[in-house]
Amino acid sequence: MATVVAVALGSNLGDRRAHLEYAVSRLQALLQDPRVSGFVETEPVGTEGQPLFLNGAMVGRCDCQPREFLQSL
């Protein structure tokens, strides 16, 4: 039986959008029926001088055990 999993995505260095798109492409190979949120810019918390983050999330179903999924990440 497949389990629903959610993964938070975020980057604040380099080509942030390219980093997130790469993560999405890799996760699509692990997840069934993957869905991706829009990406939003957010302020870093607790650290001054850091660039803005680009954040999103991805949800899908996975047939593997939780530890297996974490190792895949």
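1. The largest nonpolar core is made up of V5, V7, L9, L20, V24, L27, L31, L54, M58, C62 and F69, eleven residues in all. A nonpolar core here is a set of buried Ala, Val, Leu, Ile, Met, Phe, Trp, Tyr and Cys residues joined through side-chain atoms within 4.5 Å. Buried means under 20% relative accessible area, exposed means over 50%, and partly exposed is in between (1.4 Å probe, protein chains only). At least two residues of this core come from each of β1, α1 and β4. In soluble globular proteins, nonpolar side chains tend to be buried together.

2. Before you read on: this is a predicted model, in which local features need pLDDT of at least 70 and side-chain atom pairs count only at pLDDT 80 or more, while totals for chains, interfaces and linings use all residues. Residues are numbered from 1 along each chain as its sequence is written, and side-chain values use heavy atoms, with hydrogens and water left out.

3. Now to helix α1, residues 16-28. Its 13 residues reach 19 Å from the first C-alpha to the last, close to the 18 Å expected at 1.5 Å a residue; that expected span is 1.5 Å times one less than the number of residues. Helices (H or I, at least four residues) and strands (E, at least two) are DSSP runs, numbered from the N terminus.

4. Which residues of α1 are buried? They are R16, L20, V24 and L27. Seen down the axis of α1, these buried residues fall within an arc of 70°, so they line one face of the helix; the arc is that of the directions from the helix axis to the C-beta atoms. Y22 and R26, on the other side of α1, are exposed. The buried residues pack against β1 (3-11), β2 (32-36), β3 (40-42), β4 (53-62) and α2 (66-72), with contact taken as heavy atoms within 4.5 Å.

5. E21 also lies in helix α1, and with a relative accessible area of 45% E21 is partly exposed. E21 and L9 are twelve residues apart in sequence and 9.7 Å apart in space, C-alpha to C-alpha.

6. Strand β4 deserves a look of its own. Its covered face holds L54, G56, M58, G60 and C62, and its uncovered face holds F53, N55, A57, V59 and R61. β4 pairs with β1 in the antiparallel sense over nine bridges, and T3 stands opposite C62. β2 and β4 run antiparallel and are joined by three bridges, with V36 opposite M58. β3 and β4 are also antiparallel, over three bridges, and L54 is the bridge partner of E41. Two strands pair if DSSP finds at least two bridges between them.

7. L54 links several of these parts. Leaving aside neighbours within four places in sequence, L54 is in contact with L9, G10, S11, R16, R17, L20, F39, V40 and E41.

8. How many salt bridges does the structure hold? There are two, a salt bridge being a side-chain nitrogen of Lys or Arg within 4 Å of a carboxyl oxygen of Asp or Glu. In one, the side chains of R16 and E41 meet at 2.7 Å, N to O. R16 lies in helix α1 and E41 in strand β3, so the pair ties together parts that are 25 residues apart in sequence.

9. The side chains of D33 and R61 also form a salt bridge, at 2.5 Å, N to O. This pair links distant parts of the chain, D33 in strand β2 and R61 in strand β4, 28 residues apart. R61 counts as partly exposed, at 31% relative accessibility.
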